[in-house]
Amino acid sequence: MDQLLNWAPLLAILVSALAAVAIPLTGERNRNLRETWTILASILKFGLVASMIPGVLAGQRYGVELLEIAPGIELALRVDPAGLLFAMSASFLWILTSFYAIGYMRGGKERKQSRFFSMLAVCLSATIGICFSANLLTFVLFYEILSVATYPLVIHAGSEKAYRIGRQYLVYAITAGIALVGGIALIYGVTGTLDFVPGGFLDAGAGAPMLWTIFILFAIGFGVKAGVMPLQSWLPNAMIAPTPVSALLHAVAVVKAGVFGFVRLVGYVFGPELFGDMGAAIVLATFAGATIVLASLIAMTKDDLKARLAYSTVGHLSYIVLGIALLVPQAMLGAAFHMVTHAAMKITLFFCAGAIYIHTGKKKVSQLDGIGRQMPITMAAFGVGAVGLAGVPLVGGFVSKWYLAAGSVDAELLIFLGVLLVSGLLNAAYLVPIVTRAFFRSSEEHPRFGEASIFMVGPIVVTMLLSLLLGIHPDGIFGFFSVAEAIVESVTGVSFSGGG
Amino acid sequence: MSQIPALIPTLLLLAALLSLLAGLKSQRAGYFLALMGAGASFLVSVLGLVEVVSSGQAIRYAMGGWIPPIGIEFVLDHLAAYMTTLITFIGVVVFIYAPRSLHFESPGKATFAYPSMALLIAGLAGMTLTGDVFNLYVFLEIAALAAYALLAIGERGGPFATLRYLLIGAAGGGFYLLGVGFLYFSAGTLNMADLSGLLPELMENRAVMTAAALMVVGLALKMALFPMHFWMPDVYHNAPTVAAGLIAPIMTKVSAYAIIRLFLDVFPPGFFTETLPITATIGWLSAAGILYGSILAIAQHDYRRMLAYSSVGQIAYVGLGIGLANPIGLIGGLLHIVNHALMKGLLFLIGGAVRLRTGVTRIPDMKGLGRSMPWTMYAFVIGILGMVGIPPTAGFFSKFYLLLGAVEAGAWIWFAVIIVSSLLSAVYFFRVTEMIFRDPGEDPAETSREEGGEKDETTPDHPQGDPPASMFIPIAILAAGVILVGVFNFVIISALLERVVAPLGG
């Protein structure tokens, strides 16, 4: 069994790549068959990922070395808790997004649907590849594929504005990619290896100028995708893409690939100790902290619902970056878990925004008065996501935020505790009024009950329940919390088995 | 087996002659003979490559039975096998592509084009196979003359651009020949193996230094190393696609090969790096050339001129590998010879296919090609991903090795140049991609989603679609090559290139 599971990571990558080929070949004429490929691939992918959970928790590291792709560097896959956690959330949410996207794309009579579903599948292949990469070169290979494959989705609308945003997107993505390649070349020059090692493999012998150069190149490379200010401006613009893309890629897969890059960088390349000693941790934490507050403030000013959610994403991604940069086990645990909880909550909000748009054509917060009467399920789900992001107990966001807060106390950096608290309030201030407006203000426009299609409402309900479950019983579904604990244990050596 | 080194150019020369004679009677027969010659030489090259790799030994052949250094020797070693396989491969691919393209672009001139193509490939293969510095000059001129002939059948500006190229080429050849003369008077031999034995004692000899400088300058002119590139854009702009498709991928590379050969195997170790700062000079010129070529490529509106300026930058990657003069850097440069040959060949052939179908050569007119020629444009995307250096295409790996080489050499400015140039090539290549995948006749004003539903109706501006198979198959082969060479680049490195750079140590 374990022998077989060694191939699971590769299969998990290939299954959506196959779908990406099958989708355009099937084409618009057989669109039900075409959508079957997406659904089938997403379910298979999640099954493959989930099949590895027990083994990985028991200490197994599944993986294969495919071929030597450069002198001394293999194209290699290895499944560890960190990659598994990200892969679990991305592949599970892809199933829901697949259903949702069918409802959205058909409901909105979108153009070029084959290209859309095909590229989405490529993105998922690349994301899972990023999760399971055993070394930096394999990582950057998938990272670049992800960057390029997202581009056709960003310009999907085909308007002049979409192309302009697409250009901006590419400039950011290519810059990030090449910065990474440069950083990797430096690391290889210094150490002669690129394999991820829990606890890191760089050492202080390389000298401070070299280490800082490496850090800056990587910070650019990952910071762009993770939306750390001042590298965030592509992300709100990229919301021009269809909402399923905003929901899955620009709240979960693509942006978290950047965050996950920071996890790899701090935990598996530099190692927490060196990262703290050289002083990079506090720099990264400062940028992240500033991003959290600024993004929340900007979010309050946005009337466009997706733009508001985008800035909220920018802020929440930096929660995770902050948790990593604090370097203490509690904060890292919070960060790891926030990767999952934020994914569940934010995708719920985006799904709701998309459902509202397709069903009523409304994009702006100010137009949503009384819409709760028309779409109560959607708006209830929105409410759960909103209070969860603000950190209210019983929703997943509370758990991760709790550990982040505890971590900033542990790290004796109380300013970041302040940042987290302020940001919680700001989150409530820019999200909760949307819900109250929807339910408590009346409007002539939404007299009767009428939800969007079941393809859209179904996934919304599932992600809402997921957000709640993560808050009530964090380890209840798929062992997300245990996997998060396992990450921190492998990086820091601190065990949570006594109860955290 | 031992005849392989001589067989490759001989087959091609024979094919050129027969093709001309037969072509006067029947164009088809002429084409067929030339294609056969190219195909046979490719097969022989592959055979030689396998033999060299499996035995680990170079295959040597003394022309006419005259033992070197008296006679001329042909040597198929790892580097030569690498180059001839590439040259004959590109040759075959372009030959398959040629008939339809020539028929369209230069009607009535195909009879003379086929022998010229065979002659060009023969000259280039000969340059890489010969073990004699003077004989290299002979083949260089054979290739050059064939290239002039091919280029001159191009468009209206073609003959004039070719004349300029001819003058420059003659100057380059002249410099090289002068250097060979100096070398012969100092060392008394022209055989490369012999020279490498004799030259260590002559390292301080002024005549030898002058010889080296002259030879390298001559070859650098031919290689279009910045700032000696100025002949190239006009030539490519006016060339028929088959000429550009042969010359851009392999001709400049062979001159780069000749410099690498002199550096590694003829002149003693340290001569190009310490006695004379030749590699460093080439490196700095290349760094400048990379930036210059990339920036000017951005400014071009004509597809072929853009490719030409991009070539100025890309050949400089090979030069940068020479400049780094360490094993991993030079491996990057050598690998880029194959990578760029595949990618640039691909892009030129696609340009020709687009021209055949739509008559378009300017980038702003390329709107909507993604819809009318979808498969060609998928191949195009692979080509540009390679040019920008997105993994897993071949282009990524050569740049990665060059970066590793720059780190090892501590060449931080060159490191930065490679990084910046990737961004610049992203700018000019993605600009074309965006144009291609726009809807034809799309209203430049905002198109909102509400109108999106109607957008799927195809209003084909160019009803003819992808090019005919004889043109598309070469394109598909090259596109597959860009990816395969990337994925399996380490196979090439471990089988061939590590042996090639062995003289550098490490």
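## Exercises on a predicted model

A:Leu470 sits in helix α20 (residues 454–472) of chain A. Helices are DSSP runs (H or I, at least four residues), numbered from the N terminus. This is a predicted model: local features need pLDDT of at least 70, side-chain atom pairs count only at pLDDT 80 or more, and totals for chains, interfaces and linings use all residues. Residues are numbered from 1 along each chain as its sequence is written, and side-chain values use heavy atoms, with hydrogens and water left out.

**Exercise 1.** Decide whether A:Leu470 is buried or exposed, then list its contacts.

*Solution.*
- Step 1. Recall the cut-offs: buried is under 20% relative accessible area, exposed is over 50%, partly exposed is in between (1.4 Å probe, protein chains only).
- Step 2. The relative accessible area of A:Leu470 is 0%, so A:Leu470 is buried.
- Step 3. Contact means heavy atoms within 4.5 Å. Not counting residues up to four places away in sequence, A:Leu470 touches A:Phe337, A:Val340, A:Thr341, A:Ala344, A:Gly396, A:Val399, A:Ile477 and A:Phe480.

**Exercise 2.** Check the span of helix α7 (residues 136–154) of chain A.

*Solution.*
- Step 1. The expected span is 1.5 Å times one less than the number of residues.
- Step 2. For the 19 residues of α7(A), that gives 27 Å.
- Step 3. The end C-alpha atoms are 27 Å apart, which agrees.
- Step 4. Now look at its cover: 18 of the 19 residues of α7(A) are buried.

**Exercise 3.** Which residues have the most contacts inside the largest nonpolar core?

*Solution.*
- Step 1. Such a core is a set of buried Ala, Val, Leu, Ile, Met, Phe, Trp, Tyr and Cys residues joined through side-chain atoms within 4.5 Å.
- Step 2. The largest has 399 residues, and A:Phe270, B:Phe267 and B:Phe400 have the most contacts inside it.
- Step 3. Helix α15 (residues 329–360) of chain A gives the most to this core, with 21 residues.

Technical notes: Chains lettered and ligands numbered in written order. Helix = DSSP H or I, 4+ residues; strand = E, 2+ residues; numbered from the N terminus.
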